[in-house]
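Student: I am new to this structure and would like to go through it step by step. Could we look at it together first?

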Amino acid sequence: EKRLNAYHLFIKAFQRGEFALARDALARYQQDYQGFDELLCTLYEDRLETVLAAPPATWDGVFTYESK
């Protein structure tokens with residue numbers, strides 16, 4: 001249950017547009033639960049890098065890729 005709560009912390013922060021908090025929560029999750037959800041964590045690391053570099057003007061909690 002602790003792992004699930006930690007996961008929800010970073011997902012909810014991301015969905016609310018609190019990207020710095022989401023990045024920090026994701027880093028803690030990865031540190032505390034190494035080996036779990038590696039592919040998903042890598043996906044969110046990439047998304048966070050993108051939105052932190054150029055924050056969207058409006059945010060509805062949905063990430064849209066601009067290229068393949």
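Student: Which residues in H3 do residues of H2 meet?

Tutor: This is a predicted model, in which local features need pLDDT of at least 70 and side-chain atom pairs count only at pLDDT 80 or more, while totals for chains, interfaces and linings use all residues. Residues are numbered from 1 along each chain as its sequence is written, and side-chain values use heavy atoms, with hydrogens and water left out. Helices are DSSP runs of H or I with at least four residues, numbered from the N terminus, and contact means heavy atoms within 4.5 Å. From H2, the residues Phe-19, Ala-20, Ala-22, Arg-23, Leu-26, Tyr-29 and Gln-30 meet, in H3, Cys-41, Tyr-44, Glu-45, Leu-48, Val-51 and Leu-52.

Student: How many residues of each class does the contact of H2 with H3 have?

Tutor: Ala, Val, Leu, Ile, Met, Phe, Trp, Tyr, Cys and Pro count as nonpolar, Asp, Glu, Lys and Arg as charged, and the others, Gly among them, as polar. By these classes, the contact of H2 with H3 has ten nonpolar, one polar and two charged residues.

Student: Are H2 and H3 roughly parallel or roughly antiparallel to each other?

Tutor: H2 and H3 pack at an angle of about 155 degrees, with their axes 10 Å apart. Angles under 35 degrees count as roughly parallel, and those over 145 as roughly antiparallel. H2 and H3 are therefore roughly antiparallel.

Student: How far apart are the axes of H1 and H2?

Tutor: Helix H1 covers residues 2–16 and helix H2 covers residues 19–32, and they pack at an angle of about 160 degrees. H1 and H2 are therefore roughly antiparallel to each other. Their contact has twelve nonpolar, no polar and three charged residues. The axes of H1 and H2 are 7 Å apart.

Student: Is H1 roughly parallel or roughly antiparallel to H3?

Tutor: H1 and helix H3, which covers residues 38–53, pack at an angle of about 30 degrees, with axes 12 Å apart. That angle makes H1, relative to H3, roughly parallel.

Student: Which residues in H3 do Tyr-7, Phe-10, Ile-11 and Phe-14 in H1 meet?

Tutor: The contact of H1 with H3 divides into eight nonpolar, no polar and one charged residues. The H1 residues Tyr-7, Phe-10, Ile-11 and Phe-14 meet, in H3, Leu-40, Tyr-44, Arg-47, Leu-48 and Val-51.

Conventions: Axes fitted to C-alpha atoms, helices over the stretch in contact; angles between N-to-C directions. Helix = DSSP H or I, 4+ residues; strand = E, 2+ residues; numbered from the N terminus. Parallel < 35°, antiparallel > 145°, perpendicular 65-115°, else oblique.
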